[in-house]
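This report concerns the strands and charged side-chain pairs of one protein model. Please consult the sequence and structure below while reading.

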Amino acid sequence: GRYVVNAARFADKVMLIDAAAGTSDLGRVMGVVNLYEGAQPCDMTTLPDGSYAFTPDRGGETISVFSLDPFELVVTAPLERMGEEPLQPFMATVSPRGDMLFVENARDRSVSAIDVRDPAHPVEARRFLVADGLLAEGAITDEFTPDGRYNCIICRNASALTVVDIDRLEIIGQVPFPEGSNPIAGTFTPEGNRMFVPLPG
């Protein structure tokens with residue numbers, strides 16, 4: 001509840017904004033970090049304790065890591081290209097346990113599972129590919145269960161969820177929706193026993 005961290009995609013920068021309610025500083029930009037030209041930071045997610053934030057750089061093939069106090073760039077880590085298509089990493093969600101970061105890669109139709117237990121040294125532990133026959137088509141974002149045990153990848157084009165066991169880093173199933181329903185986001189109840197998914201189609 002102290003800050004908002006904003007990825008300004010077309011300005012190649014990330015901003016730290018004061019979010020302390022009831023103070024005169026509410027909404028004030030506390031700091032700005034400039035990334036490399038063309039980085040296009042596209043989303044933002046923070047560790048549960050608010051110590052670090054992560055952004056996928058859609059214009060490059062990198063993940064940038066920031067400390068929040070002090071607010072500064074810690075590292076910009078490359079993601080390996082596995083084919084001829086650029087990755088275009090564009091959405092990211094960190095686990096409530098603070099151990100894994102899932103990143104959707106728009107162009108090569110994959111999801112990267114990145115170990116962030118040492119935030120300054122993120123390591124890609126697994127990449128889930130549509131070509132493997134397990135990840136459904138059109139991964140657009142994902143949500144972790146509140147206990148961090150499972151991840152549900154929201155696959156818009158396939159109108160399905162792909163479910164990942166985090167401890168094993170394996171896909172364990174699919175949840176199909178009506179054809180053409182195009183799920184676009186999702187959220188769990190605090191208890192983690194239900195997930196709500198809007199179906200704009």
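The model is a predicted one. Strand β5 covers residues 52-57, and five of its six residues are buried, so the strand is largely enclosed by the rest of the structure.

Strand β5 pairs with strand β4 (residues 45-46) in the antiparallel sense, over two bridges. Five residues lie between these strands in their hairpin, where Gly50 adopts a positive phi near 75°. Strand β5 is also joined to strand β6 (residues 62-68) by six bridges, and β5 and β6 run antiparallel. The hairpin that β5 and β6 form has four residues between the strands. Ala53 of β5 stands opposite Thr46, and the bridge partner of Ala53 in β6 is Phe66.

## The four-stranded sheet

An open sheet is formed by four strands in the order β8-β9-β10-β11, with antiparallel pairing. Its edge strands, β8 (89-94) and β11 (123-129), each pair on one side only. On average, neighbouring strands of this sheet are turned by 20° against each other, direction ignored.

Within the sheet, strand β9 (residues 100-105) and strand β10 (residues 110-115) run antiparallel and are joined by six bridges. Leu101 stands opposite Ile114 in β10.

## Salt bridges

Side chains of opposite charge can pair when their charged atoms come close. The structure holds 13 salt bridges. One of them joins the side chains of Asp25 and Arg28 at 3.2 Å, N to O. Asp25 is partly exposed, with a relative accessible area of 30%, and Arg28 is likewise partly exposed, at 40%.

A salt bridge also links the side chains of Asp115 and Arg117, at 2.4 Å from N to O. Is each of these residues buried or exposed? Asp115 has 16% relative accessibility; buried means under 20%, so Asp115 counts as buried. Arg117 has 64% relative accessibility; exposed means over 50%, so Arg117 counts as exposed.

## A salt-bridge network

Arg97, Asp99, Arg149, Asp165, Asp167, Arg168 and Glu170 are linked in a network of salt bridges. Among the members of this network, Glu170 and Arg168 meet through their side chains in a salt bridge of 3.1 Å, N to O. Glu170 is partly exposed, with a relative accessible area of 37%. Arg168 is also partly exposed, with a relative accessible area of 49%.

Notes:
Residues are numbered from 1 along each chain as its sequence is written. This is a predicted model: local features need pLDDT of at least 70, side-chain atom pairs count only at pLDDT 80 or more; totals for chains, interfaces and linings use all residues. Side-chain values use heavy atoms; hydrogens and water are left out. Buried means under 20% relative accessible area, exposed over 50%, partly exposed in between (1.4 Å probe, protein chains only). Two strands pair if DSSP finds at least two bridges between them. Axes are lines fitted to C-alpha atoms, for helices over the stretch in contact, and angles run from 0 to 180 degrees between N-to-C directions. A salt bridge is a side-chain nitrogen of Lys or Arg within 4 Å of a carboxyl oxygen of Asp or Glu.
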